[in-house]
Every structure is written in structure tokens, then in C-alpha cells.
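Colleague: Please walk me through this model, one feature at a time. I would like the general idea, then the case at hand.

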Amino acid sequence: MNTTDMHYLNLLSQSFPTVADAAKEIINLEAIMNLPKGTEHFLADIHGENEAFEHVLKNASGNIKRKVGEIFGNSIRESEKKELCTLIYYPEQKLELVKAVEQDIDDWYHITIHQLVKVCRDVSSKYTRSKVRKSLPEEFSYIIEELLHERTDDQDKAAYVAVIVDTIISTGRADDFICAISKVIQRLAIDQLHILGDIYDRGPGAHIILDVMRHYNSWDIQWGNHDILWMGAAAGNDACICNVLRLSLRYANLATLEDGYGINLVPLATFALETYGDDPCTPFIPKLLKGNKMDEKTLQLTAKMHKAISIIQFKEEARIFHRRPEWQMEDRCLIESVDQQRQVCTIGGREYAMNSCNFPTGCLQMTAEEEALMQKLHHSFRVSEKLRKHIRTILSHGCMYTICNSNLLFHASVPLNEDGSLKDVDIMGQQFRGKELMSYIGQLVRAAFENDTDPDTKAYARDYFLYLWCGKDSPLFDKSKMATFERYFLTDKDTYKEEKGAYFRLRDDAEVCDRILDAFGVSGQNRHIINGHVPVHASKGENPIKAGGRLMVIDGGFSEAYHNETGIAGYTLIYHSRGFQLVQHEPFTSTKDAILRGTDIKSTMQIVEMSAHRMLVADTDKGAELREQVTDLKQLLHAYRHGIIKEKRN
């Protein structure tokens, strides 16, 4: 046994000081490996739709409703099952409604608590008692644990269980207990949540989603292009700040900015009115989603603010593109190619007519007023403590990609050449491809927020957020261009076309997917790529399962802006011990409807891939870790029994 092994075993002996301790842990780990695999949920492109997202978390993508149906069968009415589900999803609100109409509330408490215990017992059955215990709220931990492991059909314990429930009610703790156990059910129904990017933009509640995720039990995120944009804004990239503001104004969605993060938009509104007061700003009229009402005056102000920040954005982007010529994006400085007198823009040597050429602040340099405005907006983003907390959350739980249980997860793409080989991408004079590219970008993103990063690297990292947002070889964009300027100002719609990168053209090829999986070191008989980013047009018959099952695209259009395009309102991919199932969601009405009327998201489940045997913890990445721990503990046992290391008895 070498010195390193001895050093490690001596450290391990600190945690397991005797033969009995080591043997007990081996027994525990071996038992855990034979439990069913925990249920993983995969969601993508939530885009600020906090009510729909929270409801999907609460109902575990329809899994809780299914379990309630299986547990109670025909023993209770469908309306009672519906009421029970609503109580589990929204316990505080539902209790208020029940107490307002229920004549015998104590009887209702008795029945309901026993029902909730049954559901909780079912969702906790695949976990160890230790793991369940860690999920329990401290004030009810002992009580819930006793109820979960004692059955009323045991005559010797029936009175014991009955007294526990009676006492919960008689001491006035029934409401608190119901709320607590309902949240335990929600928590245990999903073992691991994977978010494949784009929490931000379009919908009104990205900040609410991140408030939820800060306290969620087990989750990870693969950064999306919209997340990166907000991260760049928080890091102080002024072009990213402009893009964030522009997108928010485009969808008349200012709640996240103003209510969520306290961004002061008064200076922008004042500047817009002074500069574009007589301009109708027709191309900048915001897209109003369902339920988003605006009077004409507010609509016009929003359009003017939208145009004002867009013009500044094009100038800020041009600064960075000129500063980073190696990106080869100086041809995207289109605002500098405008001839205001002739109302044309020259692109690639060809002149294109413009629908408007009212640029009172000019097309080249930022004016003093624009500079002053950007300083105020920059300051507002940088001092937002809540934004800083949320970005730290995304950084601590996130990365560009992850590999989990033979599944490669990333938001959008892996840059490829036309022949399907991995494409070399230049970053700061070095070439990266595939896994190394994703890993290096992750390091660069983090470098923008670290105090000990050298100034040149930090400045480049801050600028690079813009490339990740709209650069041709960005794994989060991977298109020929972002035609924002063209869509606003040019009349020729051919200029709007954005050519997708090779990944999107080749991703239905099983060989290409296998090449990517090999490059990332993903092993296993049933390995997959899972990503989002591009909405699946389900209404037109597009299949989210591609490349013979190797690739799953789970952007089904959570955002209301995509509902007409996709025909649905999002997907959840579920990976449980029996295999993969894809849940297709219809649009969510509202939290209010869910509470008052018991409306649930209507979801359709399709089997994607089923396993020949029920998967256990031993079949997962966690199982591989546990096997290594068992091997180490067996070595420690050997060392104890042969006197190589002495037991540390008290």
C-alpha cells in the first residue's frame, strides 16, 4: 500500500474510526444502490413564465395527479381527487377556501391528513429514511416520520396513529401540518431538476423563478443565451445592458427590471421623450401578450424608449466589435453604414432601402446625452443587490454543459463544420472545440465576476458575453448573424434571414450525435443529447425526438410568445426508473384558476424509451460514486483487520 493510499485511508478512518462503523456504512451504501433510481425532470426555455413553471414544479409535471389517481382509485370521487391535488399544490390558499365553506372542519382535517400521509408515503418510498428525514421541516420532522412508517392497518399501532392526528388538530396545528406535508410531497416527487437554459426574457417573472430556485432542493442549469445576456449585463457589459432593456421593452415586460431588480428607467423615459418625441417609432411598438394591457400614451412612450435604447445598443455593439476585430464582426456595425440623406444602408456593397432614417443622435459616435444615460443605466444594473444574488445563484448551480446518467445536457449547440466534425473556435488566440470549448467558455464567464482575474482577461471576458449572445461560432447562438437592425429598419425581408449553423442542420443524423457524445466522453448503452433553444413546432408535426432517439429537443414553447408558433406550452422530459417519458403541456390558465377551480395544466405523456429492467441507484452516476466509496471502505476494513491502521475506540 503506497503512501498516498495510506494518507487517504487515515483520513477516511477519521469518519469511520472502527470496524463496526466502516461495516455499517458499507451495508448502508450497498442498500442504497438497490433502491430505484430517483426521478429527474428536464425543462428548457422557461422565459419568465413563473406561474406555469411553478405549477409544473408543484404538480411534478402531472406526476402527483397520476399518483393520487393510482393510490385512491375508485375509493374517492374524481372531484375529491382534484381537490386533494389542488391542496397539495397550493395548501395555504386552498385551506382558506375550504375553511370558508366546510361545516365540520375537524372531520375534514382527519380525512385529509390521512390522505396526505398516504400520498407522502408513496412519493417517499424510493428514498432512504435518512434522505426523507432531510426533506422534512424541522417542526414536524418527528411527527411526519412516525406517520410515514406506522400503518393504521396494524392493530397494535392504530390507536397510536389516531392520537397523533387527533393531537395535531386539537393543538391547532392542522393547517401548518397540511402545508408542511404538502411541500414535502412536492419536494420528493422530483429528485433532480435540470433546467436547460433561458430563465430570462419575454415573460414577466424571471426574478420570481430565481427566488424559487435559490431555495430549491436539488437542481442545475445549463446557461442559455438569454441567461448569458443578463449575466453580461450584471457584469457591466453595456451592450448586454442595452439588449436586456430592448427585449424587455419589445415585449412590454418591465416587471423583472423595475419590480424585480429596481432598475431605474426614468432617465431612459426622459431621454426618449426629449429625443424621439415627434417620432411615431412604428417598428418599435411593443408586442403585447395576452392580459398585458396598455393605454395609448404608455404604448407610445414604450415605443420611444424601445427605439432610444436600440440605437444606443447598435453603437455600443459597434464599439466592442471594433475593439475585438478577431471576432470578425465589424460587418455587423450596420448603423455606421447608414446614409441618412438618401435613406439607405449599405451591406456587402449593396444598398438597401430603409423604412425610417430618423436618427437625431447620429449614426456614428455616442452623443454626450447618450453617454450620460448609459452611465446611469450601468450604475443601476451594477448596484442591484437582488440581481447580483440571482446571477450568483446561476453561477453556482450552472455551467455551459453537464453530463448526468449518460445524458449530455446543453442549451443550444456544439459548433460543427459542414462535415459534422467539431469546429475549432478561436478565443484569445487559442483554438478550442467540443468539450474543451464549453469548459473554457465556462471558465471565462466566471472570470468576469472574480476579483482576482487579471484586468486584460476580465475585460475580454466582459466583452465576450456579447459574442456569446450573437457571435457566429457561439454555442449559445450558432447562426450567421442576428438580424436585429435589419428587422427594425430595412424593407427587404431577405436581409432578415439568419442561417443556422451546421449543428442545427445535422442534428438529426445519428452518426453526428454519436460523434459529439464520444467527444464529450459520454458512455452507456442508452446515451442521449438533451437540449432546448429552438422551439419544436408540434402543431406542424415536428417530432422533438431526433436522430433515432439519440437527441431530444425539449423547447416546447413555455413562453406565451411562442404558443401560436409551437401549438403547445412546453415540455417536461422525465427520466425515472422505468425509462424516459415526454410530457407535453397545454397552456396554463393562471394560479388563481388553479386554486379557485382546481384547473391543472393538461398534459399528454408519451413514452420515449423504456428500460428492459427497472433502473436502480446502482445504474446511475451516483451508483458509480457509491461503489467507489464501498471499495475504499473495504480497504479500510482490511487495514483495520490486519493491523495496518488501528481502530480509534473511545
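Colleague: Which helix has the lowest mean pLDDT, and which the highest?

Modeller: pLDDT is the predictor's confidence in each residue, from 0 to 100. Helix α25 (residues 563–566) has the lowest mean among the elements, 58. Helix α13 (residues 225–235) has the highest, 98. The chain averages 91, and 96% of the residues score at least 70. This is a predicted model: local features need pLDDT of at least 70, side-chain atom pairs count only at pLDDT 80 or more, and totals for chains, interfaces and linings use all residues. Residues are numbered from 1 along each chain as its sequence is written, and side-chain values use heavy atoms, with hydrogens and water left out.

Colleague: How many helices and strands does the chain have?

Modeller: Both are DSSP runs, numbered from the N terminus: helices are H or I with at least four residues, strands are E with at least two. Here there are 27 helices and 17 strands. The radius of gyration is taken over C-alpha atoms, and the globule rule is 2.2 Å times the number of residues to the power 0.38. The chain has a radius of 28 Å, close to the 26 Å that the rule gives for 650 residues, so it is as compact as a globular protein of that length.

Colleague: What is the strand order in the open sheet of three strands?

Modeller: Strands of a sheet pair through backbone hydrogen bonds, either parallel or antiparallel. Two strands count as paired if DSSP finds at least two bridges between them. The order is β4-β5-β6, with antiparallel pairing. β4 (338–339) and β6 (350–353) are the edge strands, each pairing on one side only. Two bridges join β4 to β5 (residues 344–347). Aspartate 339 has valine 344 of β5 as its bridge partner. Four bridges join β5 to β6, where valine 344 stands opposite alanine 353.

Colleague: What lies between β5 and β6?

Modeller: The two strands form a hairpin with two residues between them. Glycine 348, in the turn, has a positive phi of about 60°.

Colleague: Is histidine 47 buried or exposed?

Modeller: Buried means under 20% relative accessible area, exposed over 50%, partly exposed in between (1.4 Å probe, protein chains only). Histidine 47 is buried, at 2%. Aspartate 201 is buried too, at 5%.
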